[in-house]
Amino acid sequence: MHQSKVSIFSIMSALAAQHGAINLSQGFPDFDMDERLIELVHQAMQKGFNQYAPMAGLSLLRYAIADDFLKRYELDIDSELEITITPGATYAIYTALACILQAGDEVIVLEPAYDSYIPNILQCGARPVCVPLKAPDFRPDWDEIRGAVSPNTRAIIINAPHNPTGSIFEPEDLEELAKIAERYQLYVVSDEVYEQLVFDGRRHQSVLAHPGLRSRSFAVFSFGKSFHCTGWKIGYCIAPAALSNKFRNLHQFLGFSVSTPMQKGLADYLTLPQREVPGIQMQARRDLFLRQMKKTPFRLLRPAAGSYFQILSYEGISPMDDHSFATWLTKTYGVATIPVSAFYSDGRDDHLLRFCFAKKNETLEAAAARLSSIVM
Ligand SMILES: Cc1ncc(COP(=O)(O)O)c(C=O)c1O
């Protein structure tokens, strides 16, 4: 693992700023979010929604989320007992882990993985047991995952749509996961922050839709990712009542509650008759990005099926390790990306870079123009 205390995202963004590079490294949009949501939060402040919200979140918002899940997934979720609003998904993942883990427990992590999982597990005195997702598909190998279970295994963290690879789960993945989780009595922490960003007519496979998994899962979501307001840091955790109780017991002394006007604005936004469909918009950006990148010497392994990240190989361009290559690319061609080895605890380096395509068309076109001038 790269032991730097500063995350690779901060390093690459700082390098991008220093060299005037186009920043396709960190996962956030450079385009505007829906004005109406900003206006609804503004109105909430003016109407006096400015004091502490209830610990589990505004009932209005939790009700609106339950209604949204009913409409989009035909899932029946108890808004009072099963939904807790949190200051972001990262916080919800930590809280879920902290309320189930004890020192000496093990947690299975599929790598490449979002960077908070392993530090969170270690913080709880538990041990991450990493199983690789391998290029080019980055599909979970359920036999290998089964083989990683020990008597100390307490939980598994999954993430689909996946950061950094853009892979998604198929229904068979949930079946396999359920068999393992049921047989070994594991909790599941399911990071579903990119749930609304699934492409090509596919459907997001939520653990909440699988009865065997739902009873043992904490599913975690982020408004930042769904509504392009990552800086607001608001998310939520959906879990059965007993698990939500454990979660809330910790949450009440960790964060206690989340910004009231934003919760009210989000509740009103969720109930608007017409909202943007984030997946359609993002698929258009992915397609534009891939068309543009055809002019460059980067090699596509698989188009991202979800999330807002695309993995590309630079194997034909340089034999450099991926950190050196990403640094060189930023300095020489003015495009910042993330080296994929940063998402593996053993630094596995398959000469891949992660590009974030949640960017304006002109940003993506300008980045591709710079990259098409690479001399090999
Ligand atoms: C897989 C994954 N989970 C969680 C998060 C963080 O969500 P939030 O900003 O709501 O904490 C991110 C952000 O990049 C992510 O990629």
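In which loop does Pro161 lie? In this predicted model, the residue belongs to the loop that runs between strand 5 (153–159) and helix 8 (171–183). Pro161 is joined to Ala160 by a cis peptide bond, with omega about -10°.

**Overall fold**

The chain holds 15 helices and 13 strands. Its radius of gyration is 20 Å, close to the 21 Å that the globule rule gives for 376 residues, so the chain is as compact as a globular protein of that length. The C-alpha trace spans about 60 × 55 × 40 Å along its principal axes. Of the 376 residues, 48% count as buried. Among contacts with a separation of 6 or more, 75% are made by residues 24 or more positions apart.

**Domains and their contact**

The domain assignment divides the chain into domain 1 (8–33 + 277–371) and domain 2 (35–270). Their C-alpha centres are 25 Å apart. Where the domains meet, domain 1 contributes 28 residues and domain 2 contributes 31 residues. On the side of domain 1 that touches domain 2, at least two residues each come from helix 13 (278–293), strand 10 (309–313) and strand 13 (352–356). Helix 13 gives the largest share of that side, five residues. By class, the side of domain 1 that touches domain 2 consists of 16 nonpolar, seven polar and five charged residues.

**Strand 8 and its partners**

Strand 8 (residues 235–238) is buried at each of its positions: Gly235 and Cys237 point one way, while Tyr236 and Ile238 point the other way. Strand 2 (residues 83–86) runs antiparallel to strand 8, and four bridges join the two. Within this pairing, Thr84 has Cys237 as its bridge partner. Strand 7 (residues 217–222) also pairs with strand 8 in the antiparallel sense, again over four bridges. Here the residue opposite Cys237 is Val220.

**Surroundings of the ligand**

The ligand has 14 residues around it, of which Gly88, Ala89, Thr90, Asn163 and Ser222 come nearest. The shell comprises three nonpolar, nine polar and two charged residues.

**Backbone exceptions**

Most residues other than glycine have a negative phi, and most peptide bonds are trans. The table lists exceptions in this chain.

| Site | Backbone feature | Angle |
|---|---|---|
| Ala135 to Pro136 | cis peptide bond | omega near 5° |
| Ala160 to Pro161 | cis peptide bond | omega about -10° |
| Gln185 | positive phi | phi near 55° |
| Ser307 | positive phi | phi near 75° |

Pro136 is placed in the loop between strand 4 (127–132) and helix 7 (142–147). For Gln185, the loop is the one between helix 8 and strand 6 (187–191). Ser307 sits in the loop between strand 9 (299–300) and strand 10.

Ser307 counts as buried, because it has 30 C-beta neighbours inside 10 Å, where 20 or more are required.

Notes
Residues numbered from 1 in each chain as written. Predicted model: local features only at pLDDT ≥ 70, side-chain atom pairs only at ≥ 80, totals over all residues. Rg over C-alpha atoms; globule rule 2.2 N^0.38 Å. Buried ≥ 20, exposed ≤ 12 C-beta atoms within 10 Å, placed from the backbone. Contact = placed C-beta atoms within 7 Å. Pairing = 2+ DSSP bridges. Domains from an automatic or database assignment. Nonpolar A, V, L, I, M, F, W, Y, C, P; charged D, E, K, R; others polar. Near = placed C-beta within 6 Å.
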